[in-house]
Amino acid sequence: MIPSDPEALDALAAEHVLGTLDAREAAEVARALPVNPALREAVAHWEARLAPLSDLARPEPPPAALWDRIEVSLADRAMPAPVRPIRVAPLWKAWAVGSTALAAGLAAFMLLRPAEPPRMMTVLLTSRDQPAWVVETEGGGLRLASLNPRPVESGRVQQLWALPPGATAPISLGLVPESGQVSVAPGLVRPEPGMLIEITLEPPGGSPIGRPTGPILFIGNLTPARSS
Amino acid sequence: MPDSHAAPDPAELIRAVAAGETGALRRLYDAQGSRLFGIALAILRDRDAAADALHDAVLKVAARAAQFDPARGEGAAWLGAIARNVALDLARARGRETLSDDPALGDAAVAPEALDRLAAAQQHGRLRDCLASLEARNRESILLAFVHGLSHAQIAARLELPLGTVKAWIRRGLLRLKGCLA
């Protein structure tokens with residue numbers, strides 16, 4: 001439970017930065033950080049206060065082989081999401097002779113099963129690079145949550161857009177409700193890595209021409225989420 | 001000690017990583033790797049575990065570089081916090097909470113001269129003065145937690161004090177520090 005009382009919140013932030021929270025508490029804070037601006041602010045202050053203490057740790061050259069390992073991991077991450085392993089090998093072995101057609105049919109069936117879409121996310125930033133919205137893929141669509149809901153300029157609305165990589169014109173995903181929460185159905189959008197997500201300021205009812213007409217308020221780039 | 005005039009500015013390196021510049025991450029690793037490995041090693045006191053921590057921290061830096069905001073703090077502090085948090089998570093996963101003490105820690109950590117190293121960087125003199133104004137065991141608890149990643153229980157065992165006392169002290173010490181630095 002993240003406290004709302006400012007003093008208790010600050011004490012929690014301090015112990016989080018100090019490192020004395022246990023695993024469960026630390027995980028709770030880590031989960032709350034992207035969606036709790038007050039907590040984020042308090043943690044940032046404590047990081048700034050205590051950061052010089054890390055100079056008390058004596059610098060030590062890392063093991064020589066470590067960089068190679070990091071490069072391998074970076075390359076792994078850059079590759080497209082691996083195809084999920086399909087367990088047909090034992091079947092092939094068991095039916096070494098005979099039922100080839102059946103097995104092939106079964107394999108084809110398994111290959112055709114849609115793979116779970118990879119999780120992607122991004123944080124939409126303001127023109128001053130302040131985080132404003134968290135965007136996550138959800139059941140083949142998208143879900144957005146405002147980090148810091150603020151009133152929209154009166155007489156205007158916010159409109160959500162997606163620009164797939166390589167495309168020249170963004171697709172409208174609808175208007176952004178005041179609640180600061182948006183769900184985009186899978187039919188409207190097919191999230192993919194590199195897709196730009198942006199929110200623009202538009203006249204009431206949204207852009208009349210199907211393309212953004214107002215300034216970009218928030219923008220971000222979908223990237224695969226780490227599974228860890 | 002690296003010459004601060006010649007050393008590349010961490011914030012600049014992070015920006016280059018965010019921009020996807022070729023070789024930027026390697027330059028950042030070369031410039032900051034020893035400092036970050038030192039931070040992880042002080043917490044984990046095991047070279048293999050510290051290497052795992054630095055590995056994960058560098059991947060996190062690569063993934064999050066675009067989120068670094070120079071207006072909100074120094075690059076070195078941002079990198080240090082990532083390395084610390086990865087190392088702390090690893091320490092927790094390795095059962096930090098159940099350890100009562102760690103002979104590998106030694107005494108050097110909280111020696112008074114460690115604090116003098118803080119003052120070497122001039123802008124840190126204030127933090128040193130504030131720490132110096134705390135009661136010795138208050139200060140020691142805070143340093144053991146921050147620099148060495150010790151849990152409340154480990155600090156209590158090391159200082160031979162009841163757990164509740166240590167928790168209250170740390171809390172009070174942090175409040176004093178906040179007031180002093182304000």
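These notes walk through a predicted model of two chains, one point at a time.

1. **Ground rules.** This is a predicted model, in which local features need pLDDT of at least 70, side-chain atom pairs count only at pLDDT 80 or more, and totals for chains, interfaces and linings use all residues. Residues are numbered from 1 along each chain as its sequence is written, chains are lettered from A and ligands numbered from 1 in the order in which they are written, and side-chain values use heavy atoms, with hydrogens and water left out.

2. **Chain B overall.** How many helices and strands are there in chain B? There are nine helices and zero strands, and the pattern along the sequence reads α-α-α-α-α-α-α-α-α. Helices (H or I, at least four residues) and strands (E, at least two) are DSSP runs, numbered from the N terminus. Chain B has 182 residues, and 48% of them count as buried. Here buried means under 20% relative accessible area, exposed over 50%, and partly exposed in between, using a 1.4 Å probe and protein chains only. Among contacts in chain B between residues at least 6 apart in sequence, 62% join residues at least 24 apart; a contact means heavy atoms within 4.5 Å.

3. **Where the chains meet.** Together, chain A and chain B bury about 4,500 Å², with 64% of it on carbon and sulfur atoms. Buried area is the accessible area (1.4 Å probe) that two parts lose on being put together, summed over both. Which three residues supply more than any other three of the area that chain A buries against chain B? They are Leu18(A), Leu56(A) and Trp67(A), with 16%. The contact takes 42 residues from chain A and 52 residues from chain B.

4. **A helix pair in chain A.** Now look at helix H1 (residues 6–18) and helix H3 (residues 37–50) of chain A, whose axes come within 8 Å and cross at roughly 50°. Axes are lines fitted to C-alpha atoms, for helices over the stretch in contact, and angles run from 0 to 180 degrees between N-to-C directions. H1(A) and H3(A) are therefore oblique to each other. For the cut-offs, angles under 35 degrees count as roughly parallel, over 145 as roughly antiparallel, 65 to 115 as roughly perpendicular and the rest as oblique. Residues of H1(A) in this contact include Leu9(A), Leu12(A) and His16(A), and those of H3(A) include Val43(A) and Trp46(A). The residues of this contact divide into twelve nonpolar, one polar and two charged. In this scheme Ala, Val, Leu, Ile, Met, Phe, Trp, Tyr, Cys and Pro count as nonpolar, Asp, Glu, Lys and Arg as charged, and the others, Gly among them, as polar.

5. **His16(A).** Is His16(A) buried or exposed? At 9% relative accessibility, His16(A) counts as buried. Leaving out residues up to four places away in sequence, His16(A) touches Leu21(A), Val29(A), Leu33(A) and Val43(A). Ala26(A) is ten residues from His16(A) in sequence and 6.6 Å from it in space, C-alpha to C-alpha.

6. **A helix pair in chain B.** The axes of helix H7 (residues 136–148) and helix H9 (residues 163–181) of chain B come within 9 Å and cross at roughly 95°. H7(B) and H9(B) are therefore roughly perpendicular to each other. Among the residues in contact are Ser141(B) and Ile142(B) of H7(B) and Trp169(B) and Gly173(B) of H9(B). The contact divides into five nonpolar, three polar and two charged residues.

7. **H1(B) and Phe68(B).** In helix H1 (residues 10–18) of chain B, the buried residues include Leu13(B), Ile14(B) and Val17(B). Helices H2 (24–44), H3 (47–64) and H4 (75–93) of chain B are among what covers them. Phe68(B) is in the loop between H3 and H4 and, at 11% relative accessibility, counts as buried. Its contacts, not counting residues up to four places away in sequence, include Ala11(B), Ile14(B) and Trp78(B).

8. **Positive phi values.** Most residues other than glycine have a negative phi. Arg45(B), in the loop between H2 and H3 of chain B, has a positive phi near 50°. Glu160(B) lies in the loop between helix H8 (152–159) and H9, with a positive phi of about 55°. Glu160(B) counts as exposed at 71% relative accessibility.
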